[in-house]
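Subject: Structure handover

Hi,

Here is the structure I said I would pass on. My notes follow below it.

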Amino acid sequence: MEYVMIIDDSEPDQFLSKLMVQQKNPDAKILQAYDGKEALEILETVESQPEVIFLDINMPRMNGHEFLEAYSNNYACGSVIVMLSSSDQGDDKEKALKHPCVKKYLIKPLTQASLDEVDELIKK
């Protein structure tokens, strides 16, 4: 996991997710956005897409589901997207996993074990 984006409106969750990624790979490049709209703006400015995008669902301005639609229209699922949400609602999980860009649905907080699972997804 060399290049990661974390999209989450919660500063504590952002901090913890970034810390976990850095513990796994201290040299990882990490982009951070606090909602889907900001994430799309950042993605427009980078040369290549992150390997992994950790995406929250409930955010202001543009939520995770809205981001997925906009992202897939503009970037054709160039990144492995992992939903990282506090919601364990079946509807949220089902809706997210129906999207072709979403490869995993995790419940916060991000852990080393879940990062290992994501690493396996990248290697496939």
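Cys 77 sits in the loop between α3 and β4. Helices here are DSSP runs of H or I with at least four residues, and strands are runs of E with at least two, numbered from the N terminus. The phi of Cys 77 is positive, about 60 degrees, although Cys 77 is not a glycine. Most residues other than glycine have a negative phi, and most peptide bonds are trans.

Before the rest, the ground rules. This is a predicted model: local features need pLDDT of at least 70, side-chain atom pairs count only at pLDDT 80 or more, and totals for chains, interfaces and linings use all residues. Residues are numbered from 1 along each chain as its sequence is written, and side-chain values use heavy atoms, with hydrogens and water left out.

**The disulfide**

The structure holds one disulfide. The term means a pair of cysteine sulfur atoms within 2.5 Å. Cys 77 is joined to Cys 101, S to S 1.8 Å. The pair links distant parts of the chain, 24 residues apart: Cys 101 is in the loop between α4 (90-98) and β5 (102-107), while Cys 77 is in the one between α3 (64-75) and β4 (80-85). The torsion about the S-S bond is about -75 degrees, so the disulfide is left-handed.

Is each cysteine buried or exposed? Cys 77 is partly exposed, at 28% relative accessibility. Cys 101 is buried, at 0%. Buried means under 20% relative accessible area, exposed over 50%, and partly exposed in between (1.4 Å probe, protein chains only).

**Around Ser 79**

Ser 79 is in the loop between α3 and β4 too. Ser 79 is buried, with a relative accessible area of 4%. Its contacts (heavy atoms within 4.5 Å) include Tyr 71 and Cys 101, not counting residues up to four places away in sequence. Gln 49, Pro 50, Glu 51 and Ile 53 are also touched by Ser 79. A polar atom of the Ser 79 side chain lies 2.5 Å from the backbone oxygen of Pro 50. That is a polar contact: N or O atoms within 3.5 Å, where within protein one must be able to donate a hydrogen and the other to accept it, and residues adjacent in sequence count only if both atoms are side-chain atoms.

**Helix α3**

α3 has 12 residues. It reaches 15 Å from first C-alpha to last, close to the 16 Å expected at 1.5 Å a residue. The expected span is 1.5 Å times one less than the number of residues. Asn 63 caps the N-terminal end of α3, with a side-chain oxygen 2.9 Å from the backbone nitrogen of His 65. After α3 comes Ala 76, with a positive phi near 50 degrees.

Buried in α3 are Gly 64, His 65, Phe 67, Leu 68, Ala 70 and Tyr 71. The buried residues of α3 pack against β1, α2, β3, β4, α4 and β5.

Two aromatic pairs turn up in a search of the whole structure. The rings of Phe 67 and Tyr 71 have centres 5.5 Å apart and planes at 25 degrees, so this pair is stacked. Rings of Phe, Tyr and Trp (its six-membered ring) pair if their centres lie within 6.5 Å; planes under 30 degrees apart count as stacked, over 60 as edge-to-face and the rest as tilted. Phe 67 and Tyr 71 are four residues apart in α3, about one turn of the helix. Ring pairs link Phe 67, Tyr 71 and Tyr 75 into a cluster.

**Helix α2**

In α2 (residues 36-43), Gly 36, Ala 39, Leu 40, Ile 42 and Leu 43 are buried. They cover an arc of only 160 degrees around the axis, which puts them on the same side of α2. The arc is that of the directions from the helix axis to the C-beta atoms. These buried residues pack against β1 (3-7), β2 (29-33), β3 (52-55) and α3. Asp 35 caps the N-terminal end of α2: a side-chain oxygen lies 3.0 Å from the backbone nitrogen of Lys 37.

**Two backbone points**

Arg 61, in the loop between β3 and α3, has a positive phi of about 60 degrees although it is not a glycine. Arg 61 is exposed, at 56% relative accessibility. The peptide bond from Lys 108 to Pro 109 is cis, with omega near 0 degrees. Pro 109 lies in the loop between β5 and α5.

Best wishes
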